[in-house]
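Please keep the structure in view while going through them.

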Amino acid sequence: MPPHSPAAAPVAHPTVLVVDFGAQYAQLIARRVREAQVYSEIVHHTATAAELAERSPAAIIFSGGPASVHVEGAPGIDPAVYELGVPILGICYGSQLLARDLGGQVDRSGRGEYGRTTMTHAGVPSELIGEPGDGVGSAEPVWMSHFDAVVEPPDGFTVTASTAESPAAVIEDPQRRFYGVQHHPEVAHTPGGQAQLERFLHGICGINSEWTMANVITESIEAIRVQVDGARAICGLSGGVDSAVAAALTQRAIGSQLTCVFVDTGLMRAGEGEQVTDTFRRTQGIELIHERAAEEFFEALAGVTDPEDKRKIIGEKFVRIFERAAGGITDARFLVQGTLYPDVIESGSPTAAKIKSHHNVGGLPEDMSFELVEPLRNLFKDEVRAVGAELGLPPEIVQRQPFPGPGLGVRIVGEVTPEAVETVRAADVIVRDEIAKAGLDGEVWQGFAVLADIRSVGVMGDERTYARPIIVRAVTSEDAMTADWARLPHDLLELISSRIVNEVPGVNRVVYDITSKPPGTIEWE
């Protein structure tokens, strides 16, 4: 693979490492840390103490996890981590692991605790959960999800809070700066959770609030200038917010050294091609080459049904067209991409198992002649939107729903043909239009249509039909790492279904996907 750009931000800012023990919420913990204006990264629990120390962490947070610390093969941590002199906060499983490793007792205290629980403060000084009278009550609601619990803390720890089933719900050792909480402070169902995380980060660890989007922009611009130097760069505009922000950020850094190439794959949503070209030529003043290449993509995808093959074909074709477009720019050395942190994690970084290859990460050809510039590689989606707004991109670009790099090609299960694209595009317009009319744009992270590669019997106009179904997918999410299916009103679903069946040729059935992530993914392919 071609070389990636060096990560600019972690070098400049104190870093909190979130150790992932297989938790559903590891990414959410990292996001909450960043909301406290502290930079965070996710690392795998198999990382050694030496590997963690190389990254000079300002603090370490142990995530939760689905296992019991007593089960053979349960994930653990290098014991030398406790000797690094770095503050540690354990959450749920992380608290149990911390307690067990340091000589405490973890057991099944009775019944498990799942959902909202009342946590009672022990009435002793606490650096983590605050003191009564300082805006903190003697009891507070927290969100629990566990069966095992710390029943006896290690030597040196004080129990500062408990619940009915967790006698040591919060444990603290201020001398070594080790802390554990049985509840989940990172979820919204723990109202005081963010304040607890901020006490740990700012009060206990002494980390300043430096991770702001203004700083990210300043440092990213400098990093791009250093990397690109006096060479030329090409940025691929896909029509989505990620590539748009990457382009605007790079243009701010190197100006006329950047040329943007908008490859019209024929796989865009309705009207987006025109909007992209208008925005970047007229309002951003960026040199833009518009490559109309739909026929080439359809030819390359003919007969292909495997989703990974489709992604790789689209990725390679994308780059080959870039190379062709760059033929007249002899010193074009760099390709700018809108790769995000969730893309890196999902595509099989050293800290995560591969879920699927992303067009921006895993689908590039081995012999690609460009070096990569990835200014958003350390950012979550909401941070990218904030950067875009700071850079002055219009709301219709910044607030656009996330869209996969391969476009509608991965929203068609089976072969990608011009006819299939027109079908799913028409249905997609209806889904997004009706969600917007219902005033639910702010609640729905993504809402779209998928065309399934099956046919079912129907009756339309007293005639038997045998046509393809449209699957409607709508999810709520904060960062795309986890997502829940959106509880759209039944009347809205009925309207969407009726419009699709009546307005989109070749469709006689509409179904609604009620799968969350995990176990599913947001996209179907």
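1. The expected span of a helix is 1.5 Å times one less than its number of residues, and helices (H or I, at least four residues) and strands (E, at least two) are DSSP runs, numbered from the N terminus. Helix H6 (residues 213-228) has 16 residues and reaches 22 Å from its first C-alpha to its last, close to the 22 Å expected.

2. This is a predicted model, in which local features need pLDDT of at least 70, side-chain atom pairs count only at pLDDT 80 or more, and totals for chains, interfaces and linings use all residues. Residues are numbered from 1 along each chain as its sequence is written, and side-chain values use heavy atoms, with hydrogens and water left out.

3. Buried means under 20% relative accessible area and exposed over 50%, with partly exposed in between (1.4 Å probe, protein chains only). In H6 the buried residues are Met213, Val216, Ile217, Ser220, Ile221, Ile224, Gln227 and Val228. Because they cover an arc of only 135 degrees around the axis (taken from the directions from the helix axis to the C-beta atoms), they lie on the same side of H6. The face turned away from that buried side carries the exposed residues Thr218 and Val226.

4. Strand S11 (residues 258-264) is mostly covered, with 6 of its 7 residues buried. Two strands pair if DSSP finds at least two bridges between them; S11 runs parallel to S10 (residues 232-237), joined by 5 bridges, and parallel to S12 (residues 288-292), also joined by 5 bridges. Aspartate 264 stands opposite arginine 292 in S12.
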